[in-house]
Amino acid sequence: MIISPAERLQHFEEYYFSKKLEEIRLLNRQGHDILNLGIGSPDLMPSETTVKALVESAWKPGNHGYQSYRGIPQLRSSFASWYTKTYGVELDPETEILPLMGSKEGITHISLAFLNPGDKVLVPELGYPAYRSATLLAGGIPVNYPLDEKTWYPDFAAFSRIDLTSVKIIWINYPHMPTGAPPSREMFGQLVSWASEKNILIAHDNPYGLVLNETPPLSILYEEGAMDVAIELNSLSKSHNMAGWRVGWVSGHKDYINTILKVKSNFDSGMFRGIQDAAVEAMNNPPQWHDDRNSIYRDRRAAVWEMLDKLGCEYSRNQVGMFLWALIPAAIDDVEDWVDHILHNHNVFFTPGFIFGSKGRRFIRISLCSDRKIFIEAKERLKNLNYPKK
């Protein structure tokens, strides 16, 4: 007899991308040569000095044992210095920073650290699915909160219509994924004031601020009073081309950090020293390195704009991050069917927006993590798109 799975898994299906990647793999085995424009996995290399630091550290015999759950002091100090330089936020590297094996790990750790069964969590009605999943895994109850479709900011006027009883956490993510909406000081300040009044913890997921951002990046921790009601996740995955390295961190008040550490220390045995040493080096990447990365993304984005124009999609040219969020033509009835038609008939894959929430049902998301020639090839394949219209 097969042992039954945990009841908590009744809320879950296999992650959309997991199923779709398997479908794409099978199509490629059949000779289809799919152009996958859906997954946001950076294809560019980390800086040369970052890779060299990894190699040099890996050759040191003493670096292969278990490491501290808090990370090496040099790593925490580099994160703190980077926060001061990037956001103007002063953090104590000893008590207010906790390195993570990627910020996605932190989403689950935060949920397990602060939620009791039945606690409610406000999740954006359009956003990263992991916020909802981690809430459910921790026994919490996800509650959608509305976003203003003009700004994709929290709709504070609508909050008065939400029962906030038992709400413990609100998840936010700016620059916003999937829409690319940049944050504002005014919005962050309003959110901190609201959370202070309601006694709700803000969990801000902030991995995209250095990618195609034409304005100085922002941290919610800069706002007055934020350290009392907010924690912030950050990562080297997108900003430093290190997604597979799994290096992130959470910043906030020492009491919040210590609470999260209680969970983390029961889940892993520390990050490999070589990766930590390399991350320290990555934090020293000069501004020119980031400018060069963004220049590549700008060229790719221009090619995607051309493709979206040919498809008749609408989109903002002020999006931040490594994705483009686009409204599909009104003549298309079903975005999932349209995406599948393009996949199976033109060998190009886009991410349908509905996987990020119901407000995304008329949208697609395209990743910029492919060579520019791939986008040119995709536009060529789609020039004779013959999807039946209503």
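Visitor: Is Trp171 buried or exposed?

Guide: In this predicted model, Trp171 has 0% relative accessibility, so the residue counts as buried. The cut-off for buried is under 20%.

Visitor: Which ring pairs with Trp171, and how is such a pair read?

Guide: A pair of aromatic rings is described by two things, the distance of the centres and the angle of the planes. A search of the whole structure finds 18 aromatic pairs. In one of them, the ring centres of Tyr131 and Trp171 are 4.9 Å apart and the planes are at 10°, so this pair is stacked. Planes under 30 degrees apart count as stacked.

Visitor: Which parts of the chain does that pair tie together?

Guide: Tyr131 belongs to helix H5 (residues 130–137) and Trp171 to strand S5 (residues 167–172), so the pair ties together parts 40 residues apart in sequence. Tyr131 has 1% relative accessibility and therefore counts as buried.

Visitor: What are the distance and the angle for Trp325 and Phe363?

Guide: Trp325 and Phe363 are 4.8 Å apart, centre to centre, with 10° between the planes, and the pair is stacked. Trp325 lies in strand S10 (residues 323–327) and Phe363 in strand S13 (residues 363–367), so distant parts of the chain, 38 residues apart, are linked. Trp325 counts as buried at 4% relative accessibility, and Phe363 counts as buried at 12%.

Visitor: Which residues form an aromatic cluster?

Guide: One cluster is made of Phe79, Trp82, Tyr83, Tyr87 and Trp249.

Visitor: Turning to the whole chain, how many helices and strands are there?

Guide: The protein chain has 13 helices and 13 strands. Its radius of gyration is 21 Å, close to the 21 Å that the globule rule gives for 390 residues, so the chain is as compact as a globular protein of that length. The C-alpha trace spans about 60 × 60 × 55 Å along its principal axes.

Visitor: What share of the residues counts as buried, and what share of the contacts joins residues 24 or more positions apart?

Guide: Of the 390 residues, 56% count as buried. Among contacts with a separation of 6 or more, 75% are between residues 24 or more positions apart.

Visitor: What can be said of the surface and the charges?

Guide: The accessible surface of the protein chain is about 17,900 Å², and carbon and sulfur atoms account for 50% of that area. There are 41 positive and 46 negative side chains, and the centres of the two sets are 3 Å apart.

Terms used:
Residues are numbered from 1 along each chain as its sequence is written. This is a predicted model: local features need pLDDT of at least 70, side-chain atom pairs count only at pLDDT 80 or more; totals for chains, interfaces and linings use all residues. Side-chain values use heavy atoms; hydrogens and water are left out. Helices (H or I, at least four residues) and strands (E, at least two) are DSSP runs, numbered from the N terminus. The radius of gyration is taken over C-alpha atoms; the globule rule is 2.2 Å times the number of residues to the power 0.38. Buried means under 20% relative accessible area, exposed over 50%, partly exposed in between (1.4 Å probe, protein chains only). Contact means heavy atoms within 4.5 Å. Accessible areas come from the Shrake-Rupley method with a 1.4 Å probe; for residues, only the protein chains shown count as cover. Lys and Arg count as positive and Asp and Glu as negative; His and the chain ends are not counted. The place of a charge is taken as NZ of Lys, CZ of Arg, CG of Asp or CD of Glu. Rings of Phe, Tyr and Trp (its six-membered ring) pair if their centres lie within 6.5 Å; planes under 30 degrees apart count as stacked, over 60 as edge-to-face and the rest as tilted.
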